[in-house]
Amino acid sequence: MALTTLDDNTALIVIDLQNGIVALPVAPLEAHEVIERSARLADAFRGQKRPVVLVNVAGGAPGRNEQPKHGGELPADWATLVPDLAQQRGDIAITKKTWGAFHNTDLHEQLQQRGITQVVICGIATSIGVESTARQAYELGYNVTLAIDAMTCLNAETHKNSVERIFPRLGETGTTDDVLALLK
């Protein structure tokens, strides 16, 4: 873990902490641990008047793949953010239809309007929404920080691959407490 600094213009991006996602079986951390740490980060960012981006997913990319798509209707509250995040009026709400939070949304524009140069990312799932968003942020020129104890995945192997092999190439990693210490 090599978290060194947070830019003055840093935003928090919380990925897919919504009813339908947090109900899935995850590893290595339990969803409630990720929710609790992400909520702590959000509260701290709000306390410093730094942007908090709450992302949910309400669809999927239309392309063909080998994994069967979910059959039937999703529950009505599937895309509803968990109440623990205590969404505030000033938060940036982003609804995405693909894995990454920047693709076909106005997230980049909203961050640019606020002069954001760095993002801290957390949420579920490490190797899907979190990693895709981190890749897109890196490609757009943001400094990327990943709060690795505030994320989990659909299985421990893919989580480990993202944390150990992918994230060090996209930015810096640290714990929730590391990020909070740098916010002070």
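## Nonpolar cores and salt bridges

The largest nonpolar core of this predicted model holds 32 residues, and L12, L17, L41 and I124 have the most contacts inside it. A nonpolar core here is a set of buried Ala, Val, Leu, Ile, Met, Phe, Trp, Tyr and Cys residues joined through side-chain atoms within 4.5 Å. Buried stands for under 20% relative accessible area, exposed for over 50%, and partly exposed for the range in between (1.4 Å probe, protein chains only).

At least two residues of this core come from each of strand 1 (10-15), helix 1 (19-22), helix 2 (31-47), strand 2 (52-57), strand 4 (118-124), strand 5 (143-152) and helix 6 (176-183). Helix 2 gives the largest share, 6 residues. Helices (H or I, at least four residues) and strands (E, at least two) are DSSP runs, numbered from the N terminus.

Apart from neighbours within four places in sequence, L17 is in contact with V22, V34, I35, S38, V55, L81, V82, L85, G123 and I124; contact means heavy atoms within 4.5 Å. A second, separate core has 26 residues, among them I92, I116, V119 and F167.

The whole structure contains 7 salt bridges, each defined as a side-chain nitrogen of Lys or Arg within 4 Å of a carboxyl oxygen of Asp or Glu. The table gives some of them.

| Salt bridge | N to O distance |
|---|---|
| E36 and R40 | 3.8 Å |
| D177 and R40 | 2.6 Å |
| D91 and R46 | 2.7 Å |

E36, R40 and D177 are linked in a network of salt bridges. Within it, E36 and R40 both belong to helix 2 and lie 4 residues apart, about one turn of the helix. E36 is partly exposed, at 39% relative accessible area, and R40 is partly exposed, at 31%. The salt bridge between D177 and R40 links distant parts of the chain, with D177 in helix 6 and R40 in helix 2, 137 residues apart. D177 is partly exposed, with a relative accessible area of 48%.

D91 and R46 also form a salt bridge. This pair links distant parts of the chain: D91 sits in the loop between strand 2 and strand 3 (92-96), R46 in helix 2, and 45 residues separate them. Both D91 and R46 are buried.

Residues are numbered from 1 along each chain as its sequence is written, and side-chain values use heavy atoms, with hydrogens and water left out. In this predicted model, local features need pLDDT of at least 70 and side-chain atom pairs count only at pLDDT 80 or more, while totals for chains, interfaces and linings use all residues.
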